[in-house]
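Hello,

Here is the structure for you to look over. My notes follow below.

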Amino acid sequence: MAHREDLYPALSELCTGYGFTHMTFLVVHAGTATSTPPYFCTTYPDAWTAAYVDRGYFERDPGLDVMRLGFLPVDWSALDWRSRPAGRLFKEACSYGIGSQGLTIPIRGANGERSLFSVTSNLPRRQWIRLRDSRVHEMQLLAHYLHETVFDALAFRKSVRMRQLSRRESQCLQLLAIGRISKQIAADLGISENAVKLYLRSARLKLRALTTYHAVAKATFLELIRL
């Protein structure tokens, strides 16, 4: 998976299946593998990708600021597009059919890895919000799964032996993966909500994941649970 063409068919199919206009995955920082060039894959038109690089939009794109805002997905409407360079970027992107709506999800790995996953749409705002809210859980899982897939395929990190998950840890991750929240998981398993949170935390530690979504993605990637 050294080139965008390796991941492109999957992203293109996912766009169609989920109803988005475009998807992009970008490795911002490969952690300890600092000498490795960044990796990206996108369904954006080649002409827009070339224009983005030629015009130095990496330095002006508010979407890249998402990495500094935490772990949660950020709707593009919440970004600061007021500066002239950012406004020009947004206007030009729309002229290439990128989409006027978007959502960017930051991914952080245990070894300083940083990636971004974005989805876009040309839907009107109200329809976009419905699509976004109905798919955000799946997109968070997909973002972390892509992160694991790319970093493993490109050997961006040294392999680390994982401690085996307990039955309860696996059950909690499995239920979380299908959209259940802690309170629901507790009822499903007949245990307390605090116990669920404890199992999820220990699973995160064993999997060297920074968030529960990252833990689910790693467990799925390692075939410890199934989506």
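Two strands count as paired if DSSP finds at least two bridges between them. With that in hand, H22 stands opposite T120 in β5. Please keep in mind that this is a predicted model.

Start with the strands. β1 (residues 22–30) and β5 (residues 113–121) pair in the antiparallel sense, over 8 bridges. β1 also pairs with β2 (residues 40–42), again antiparallel, over 3 bridges. Here T24 stands opposite T42 in β2.

Is β1 enclosed or open? Of its 9 residues, 7 are buried, so β1 is largely enclosed by the rest of the structure. Buried here means under 20% relative accessible area.

Next, the packing. The largest nonpolar core has 24 residues. Within this core, F20, M23, F25, F117, V119 and M139 touch the most other members. At least two residues of the core come from each of α1 (4–18), β1, β4 (101–108), β5 and α4 (125–153). The most come from α4, which supplies 8 residues.

There is also a second, separate core. This second core holds 19 residues, among them L173, L175, L189 and A203.

Which residues is V119 in contact with, leaving aside its neighbours within four places in sequence? The list is F20, H22, M23, Q101, G102, L103, W128 and M139. Of the residues that touch the most other core members, this list includes F20, M23 and M139.

Best wishes

Note on methods. Residues are numbered from 1 along each chain as its sequence is written. This is a predicted model: local features need pLDDT of at least 70, side-chain atom pairs count only at pLDDT 80 or more; totals for chains, interfaces and linings use all residues. Side-chain values use heavy atoms; hydrogens and water are left out. Buried means under 20% relative accessible area, exposed over 50%, partly exposed in between (1.4 Å probe, protein chains only). Helices (H or I, at least four residues) and strands (E, at least two) are DSSP runs, numbered from the N terminus. A nonpolar core is a set of buried Ala, Val, Leu, Ile, Met, Phe, Trp, Tyr and Cys residues joined through side-chain atoms within 4.5 Å. Contact means heavy atoms within 4.5 Å.
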